[in-house]
Amino acid sequence: MIFGEWPDQKAEKIRGEEPIERTSSLNMPTQSRAKEVARNFISYNPFFTVFIKPVHVADGRLPLPDLKGIIENKEKYLKLQLGERSWNVKLLNNRLSAGWTSFASESELQPGDVCVFELINREDSVFKVHVFKRQC
């Protein structure tokens, strides 16, 4: 499933919280395409943007930006949702580890893709993942 059509994008709010204002990416990627995705993504929820590199697909780990104040940075499981599917992925030392390989493989992530991880449930640490496929 591929997301990324700007005109049809609808902002959701975190369950049980009222949106205050549109948020911007918690990080600003260095790659130009990822920057464009981060600038154009509309959400009232905290989100971060990741440019997928070959090592992210092959290594089984994904480094994350600082999520201080968003979720606790302690060893725990996060839920990643993509379409109707979800995966439990371990957060360890500010990285996604156990479960990341399954998520990356089953969602057919490729180097050059850009992922936006949008926090949609703070209590249960659920992130909706939006995948913007690489441009050929």
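Predicted model: local features only at pLDDT ≥ 70, side-chain atom pairs only at ≥ 80, totals over all residues.

Residues are numbered from 1 along each chain as its sequence is written, and side-chain values use heavy atoms, with hydrogens and water left out.

Q: Which strands do the buried residues of α1 pack against?
A: Helices (H or I, at least four residues) and strands (E, at least two) are DSSP runs, numbered from the N terminus. Buried means under 20% relative accessible area, exposed over 50%, and partly exposed in between (1.4 Å probe, protein chains only). In helix α1 (residues 32-40) the buried residues are Arg33, Ala34, Val37 and Ala38. Seen down the axis of α1, they fall within an arc of 135 degrees, so they line one face of the helix (the arc is that of the directions from the helix axis to the C-beta atoms), and they pack against β1 (47-51), β6 (114-121) and β7 (126-132).

Q: Which residue in β6 stands opposite phenylalanine 47?
A: Four of the five residues of β1 are buried. Two strands pair if DSSP finds at least two bridges between them, and β1 and β6 pair in the antiparallel sense over five bridges. Opposite phenylalanine 47 stands glutamate 118.

Q: Is serine 97 buried or exposed?
A: Serine 97 is placed in the loop between β5 (95-96) and α3 (100-106). Leaving aside residues up to four places away in sequence, its contacts (heavy atoms within 4.5 Å) are Gly60, Arg61, Val89, Lys90 and Leu92. With a relative accessibility of 14%, serine 97 counts as buried.

Q: How many residues apart in sequence are the parts that lysine 90 and glutamate 75 tie together?
A: A salt bridge is a side-chain nitrogen of Lys or Arg within 4 Å of a carboxyl oxygen of Asp or Glu. Lysine 90 and glutamate 75 form one at 2.9 Å, N to O. Lysine 90 lies in strand β4 (residues 85-92) and glutamate 75 in the loop between β2 (62-63) and β3 (76-82), so the parts tied together are apart in sequence by 15 residues.

Q: What is the relative accessible area of aspartate 113?
A: The side chains of aspartate 113 and lysine 133 meet in a salt bridge (2.9 Å, N to O). Lysine 133 is partly exposed at 24%. Aspartate 113 is buried, its relative accessible area being 0%.
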